[in-house]
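Welcome, and thanks for taking a look at this one with me. Have the sequence and the 3D view open side by side, and we can walk through it together.

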Amino acid sequence: MSKTILIIEDNPLNLELTRDLLEAAGFSVLTAEAAEEGVQLARRMHPDLVLMDISLPGMDGLEATRALKSDPVTGSIPVLALTAHAMKGDEERAHDAGCAGYLTKPIDTRSFCQVVAGYLPGEKEDHARPK
Ligand code: MN
């Protein structure tokens, strides 16, 4: 069964790009354009990984990560943070919120899926090969 990745991202172009890349690599992809919606989707669908945009309207990605991490239903799902506005201390804040890793936008489309796959629990190789 293919691994499922939930992308929480408010920018339609970034959402489309990351979804296309992950689907082309064989992942099943769920998407949410707001944090609240994404957190609910994670509780319901229990994806294998969450790709979390940090800057979101309303509840931001750090808050959403804390919400996921403090819930026993979703607490074990790795969260990979994505941000366009990398500033000093951001990475530390992301880790403090419970993110397993931190990527800066624009993403490197060649290595993206491999990097994401590296944060999946268990199998790392299956979806990691770029096409
Ligand atoms: Mn955003």
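Here are my notes, point by point.

1. Please keep in mind as you read that this is a predicted model. The numbering of residues starts from 1 along the chain, as the sequence is written.

2. As background, nonpolar side chains tend to be buried together in soluble globular proteins.

3. Which residues is Leu68 in contact with, leaving aside its neighbours within four places in sequence? They are Val39, Ala42, Val50, Met52, Thr74, Gly75 and Val79.

4. Next, the metal. Asp10 (OD), Asp53 (OD) and Ser55 (O) coordinate the manganese ion, at 2.0 to 2.2 Å. Along the chain, the donors follow the spacing D-x42-D-x1-S. Asp10 sits in the loop between β1 and α1 (12–24) and Ser55 in the loop between β3 and α3, so this pair ties together parts that are 45 residues apart in sequence. Asp10 is partly exposed, at 30% relative accessible area, and Ser55 is partly exposed too, at 38%. Asp53, in contrast, is buried, with a relative accessible area of 4%.

5. Now for charged pairs. The whole structure holds 4 salt bridges. In one of them, the side chain of Lys105 meets that of Glu9 (2.9 Å, N to O). Lys105 is in the loop between β5 (101–104) and α5 (112–117), while Glu9 is in the loop between β1 and α1, 96 residues apart. Lys105 and Glu9 are both buried.

6. Because Asp53 lies in strand β3 and Lys105 in the loop between β5 and α5, the pair ties together parts that are 52 residues apart in sequence. Through shared partners, salt bridges join Glu9, Asp53 and Lys105 into one network.

7. Another salt bridge joins Arg43 and Asp71, with the closest N and O atoms 2.6 Å apart. Arg43 belongs to helix α2 and Asp71 to the loop between α3 and β4, 28 residues apart. Buried or partly exposed: how do Arg43 and Asp71 come out? Arg43 is partly exposed, with a relative accessible area of 40%, whereas Asp71 is buried, at 13%.

8. Last, the cysteines. The count of disulfides is 0. Cys99 is in none, and the nearest cysteine sulfur, in Cys113, is 19 Å away. That distance is too far for a bond. Cys99 is buried, with a relative accessible area of 4%, and Cys113 is buried as well, at 10%.

How values were computed: This is a predicted model: local features need pLDDT of at least 70, side-chain atom pairs count only at pLDDT 80 or more; totals for chains, interfaces and linings use all residues. Side-chain values use heavy atoms; hydrogens and water are left out. Contact means heavy atoms within 4.5 Å. Donors are N, O and S atoms within 2.8 Å of the metal (3.2 Å for Na, K and Ca); water is not among the atoms, so sites may look incomplete. Helices (H or I, at least four residues) and strands (E, at least two) are DSSP runs, numbered from the N terminus. Buried means under 20% relative accessible area, exposed over 50%, partly exposed in between (1.4 Å probe, protein chains only). A disulfide is a pair of cysteine sulfur atoms within 2.5 Å.
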